[in-house]
Amino acid sequence: MAYRLALVLAGGGVRCMAHAGVFIELERAGIVPDLIVGSSLGSVMGGVYAYKPEAEFLRQFALRFSDNHIVRAMERSFAHHPGMLARIGRCGVYSLGLAYISWQYGILSSAFLKRAFNNIVGKRMLRDRNFLIEDCRIPFAPLAVDIASARAVILRSGDIPDAMYASSAVPGVCKPHRLGGMRLMDGGLASLVPVLAAHLLGAERIIAVDTDSKVRGRYDNVVQMIEQASAVRGYRWNMMETAQADLLIEPRVKQFYWWQFSRAEDCIASGQDAARDSLDAVRSLIARVPDERKQATRSFLAGYYPHVIIDTCHERIRHE
């Protein structure tokens, strides 16, 4: 199936709140994507909008999510200890508390996110207790990674909260989500900005919203050096993949650390600014024929992109 216009949403913690701002401006301009693909927390934002395509609703969800007591406790733990090693030590103590809660309630598993999503979105806002990818009003595909095989896993069916959890499950913090013999984790491990996933699903024109922090350019201790090394690895692949988008929207959110959820409103505003600046380019992209050379390049790169597409629950329809 071909999709005329796909919107690809990157991960990046609180920086992903910028996606709500992008949707606000696109909606005001009367522009609705035919497909939404998301990775990591970008899949959470994209999934909410795909299920209920109202930008103000997504903005309210982003603010509620950012104001969650666990999210804010984590932020306080990081913010009150500016030294990286001290923050990790403090966070380790907090993680013990989370592990205890996990033992009782499964807070670090998909069951936790499912309950939270149903409670925050379903009970308070949608009054709907069943959330399936197949029921999304805009076709939606979150991206996860099979941690055993390194394959990207593109989810086209099943429970939305489970898929969101799989797409944003941070290794070492979250339990892998088990699906059909696979152990799924954070989609950002394979594609922080999953342009190729959108191409594989048949997108003719691809707009990518990149909320990656990029490489910060400095480090002051060994932990920050390890953090920098990880960023370099992801940045190099991210550069290649974002270059394959037909249009790149880059909200100015690099300055925010992923855990600074108190800056959610600033990120939303940055998303609005970036989207407004890109509206003419978006309209031009929609009006012209698809770029065949860009599509050919994406097809070539897809040959080096091991992936699985799940179209019906537990069924692999494409395995390359």
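How many of the residues of helix 2 (residues 41-51) are buried? In this predicted model, local features need pLDDT of at least 70 and side-chain atom pairs count only at pLDDT 80 or more, whereas totals for chains, interfaces and linings use all residues. Residues are numbered from 1 along each chain as its sequence is written, and side-chain values use heavy atoms, with hydrogens and water left out.

Helix 2 is mostly covered, with 11 of its 11 residues buried (under 20% relative accessible area, 1.4 Å probe, protein chains only). Among them are Leu41, Val44, Met45, Val48, Tyr49 and Tyr51. Over the chain of 320 residues, 54% count as buried. The secondary structure comprises 11 helices and 10 strands (DSSP runs of H or I, at least four residues, and of E, at least two, numbered from the N terminus).

Helix 1 (residues 18-28) packs with helix 3 (residues 55-66) at an angle of about 165°, and their axes lie 9 Å apart. The two helices are therefore roughly antiparallel to each other (angles over 145 degrees). Ala20, Phe23, Ile24 and Glu27 of helix 1 and Ala55, Leu58 and Arg59 of helix 3 make the contact (heavy atoms within 4.5 Å). By class, five of these residues are nonpolar, none is polar and two are charged (Ala, Val, Leu, Ile, Met, Phe, Trp, Tyr, Cys and Pro count as nonpolar, Asp, Glu, Lys and Arg as charged, and the others as polar).

Of contacts in the chain between residues at least 6 apart in sequence, 76% join residues at least 24 apart.

Terms used. Axes fitted to C-alpha atoms, helices over the stretch in contact; angles between N-to-C directions. Parallel < 35°, antiparallel > 145°, perpendicular 65-115°, else oblique. Buried < 20%, exposed > 50% of the residue type's maximum accessible area, 1.4 Å probe, protein only.
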